[in-house]
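Biologist: Hey, could you walk me through this one? I'm new to it and curious about the aromatic rings.

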Amino acid sequence: MMNSLKAGLSYCQPGLSFVALLCVLLSLSGCAGRLNKASQSFYADRPEQALETLQKGDAFGNRSELLFLLEQGVVLHQLGRYQESINQFLEAAVMAKKFEKISASEQLGSMVTSEWLVKYKGEYSERLWIHSYQMMNFLLLGQYDGALVEAKQALQVLEAYPDALKEDYFSRALIALCFAHVREDNDAYLVYRKLAGDLPTPKAVAMDLVPIASRLGMTDEVEKFRPYLPAELPQGDAELVLFIANDRIPKKRPGNFFLPPSIRFSFPYYAKTATPPLKLKTVSPDYPSLPLITADFAAVIRRSLDERKTRLILKETARVAVKEAASQAVGDKHGDLAEVLLRVSLLLLEEPDTRSWQTLPARMTLIRVPLPAGSHKIRLDLTKGGYRDNRRVELPEFHLNKGERFFYSLRF
């Protein structure tokens with residue numbers, strides 16, 4: 001703490017003027033403005049324009065470079081340019097690991113100014129969702145070995161932050177599906193079995209657990225989960241797999257707490273939002289109600305941020321102490337006016353880091369539709385909330401051989 005205090009005092013010499021400090025803040029907000037502009041274009045159904053904005057890159061070094069890669073990955077996925085999306089997310093995954101180690105100079109700068117000076121590392125959930133999008137991308141391209149690699153990496157993130165990510169049922173089911181698709185039955189069973197215990201009911205995974213447990217010779221497990229199978233089992237030796245995203249994740253907001261004369265504590269938070277679960281009905285052909293697995297990404301990311309609140313509070317408390325000591329030292333040496341100017345500068349610069357991955361959906365849903373082998377042209381009715389939120393989607397015609405899966409991604 002003493003070393004940080006001495007460094008802070010050295011950093012805050014009067015030569016670092018009020019104007020210079022504000023220039024730093026304005027420069028930092030420049031890249032955020034570009035990210036916001038891209039997000040606005042994306043949600044105004046102008047993904048190409050959003051992509052063009054994002055490709056200009058981070059306007060302030062590489063402090064938000066990770067976010068530019070993540071946003072491009074989602075936009076490219078939405079455009080159906082899955083290989084390009086893979087390339088962006090591969091780079092993002094490497095960068096997220098690299099940014100685990102923050103340089104001493106970054107830590108010093110953020111101790112007396114703002115968390116915006118630190119490279120954006122991503123919330124725990126955002127690190128997982130890099131691999132979630134990669135799994136979808138690889139499955140959509142038929143590159144199943146690539147999907148398996150991403151599933152294993154996603155599982156490592158889940159194991160590192162089990163409490164924060166427990167309720168991301170979508171990503172967990174996607175991991176299990178990637179294992180099952182290449183007949184890695186042992187791994188698929190372990191993920192599905194744990195998921196069955198964490199879901200409100202095992203019904204959504206019973207159709208997977210029962211055949212996998214049967215192949216593994218686990219007769220007790222077969223009998224345990226057989227009662228959860230749908231009463232009316234859809235018939236089919238092939239399958240349609242839908243990845244459905246809906247709505248938008250809430251923005252990260254600034255929260256502030258003031259103490260006179262010039263002490264400001266600032267923390268980011270995600271506002272609570274209500275995103276109704278998705279409902280689906282196959283119109284053609286007319287299927288019975290199908291089990292689905294959904295995850296409230298908004299709730300998961302709030303919990304992810306809450307997981308690191310203790311570290312945020314400790315650092316914010318240390319930063320307030322450094323700023324207070326620095327202001328008093330400048331006042332003792334250069335007079336009251338210098339102290340007031342520094343206090344005002346540091347107060348204005350105390351901004352919580354509200355950078356976030358804005359193109360994420362609020363909810364992701366995985367739906368599996370058993371189908372017979374052959375050609376199919378399917379229409380879906382999607383509903384979220386009331387009758388005004390209905391949408392009919394007609395999938396492109398596709399052909400399935402016995403044992404095949406057709407993967408399709410859409411956003412509602």
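Predicted model: local features only at pLDDT ≥ 70, side-chain atom pairs only at ≥ 80, totals over all residues.

Biologist: Got it. How many aromatic pairs does the structure hold?

Modeller: There are 13 aromatic pairs. One of them is F89 with W357, a tilted pair at 6.0 Å centre to centre, with 50 degrees between the planes.

Biologist: Where do F89 and W357 sit in the chain?

Modeller: F89 is in helix α5 (residues 82–98), while W357 is in the loop between α16 (336–349) and β6 (363–371). They're 268 residues apart, so the pair links distant parts of the chain.

Biologist: And is F89 buried or exposed?

Modeller: F89 counts as buried, because its relative accessibility is 0%. W357 also has 0% relative accessibility, so W357 counts as buried.

Biologist: What about F170 and F243, how are those rings arranged?

Modeller: F170 and F243 are edge-to-face, 6.5 Å centre to centre with 85 degrees between the planes. F170 belongs to helix α10 (residues 169–181) and F243 to strand β1 (residues 238–246), 73 residues apart.

Biologist: Why does F170 count as buried?

Modeller: Because its relative accessibility is 0%. F243 is buried with a relative accessible area of 0%.

Biologist: Which cluster do F170 and F243 belong to?

Modeller: They form one aromatic cluster together with W129, Y144, F297 and F407.

Biologist: Switching to charges: what sits over the ring of Y43?

Modeller: That's the charged end of R248, 3.8 Å from the ring's centre.

Note on methods: Residues numbered from 1 in each chain as written. Heavy atoms only, no water. Phe/Tyr/Trp six-rings, centres within 6.5 Å; stacked < 30°, edge-to-face > 60°. Helix = DSSP H or I, 4+ residues; strand = E, 2+ residues; numbered from the N terminus. Buried < 20%, exposed > 50% of the residue type's maximum accessible area, 1.4 Å probe, protein only. Lys NZ or Arg CZ within 6 Å of the ring centre and 35° of its normal.
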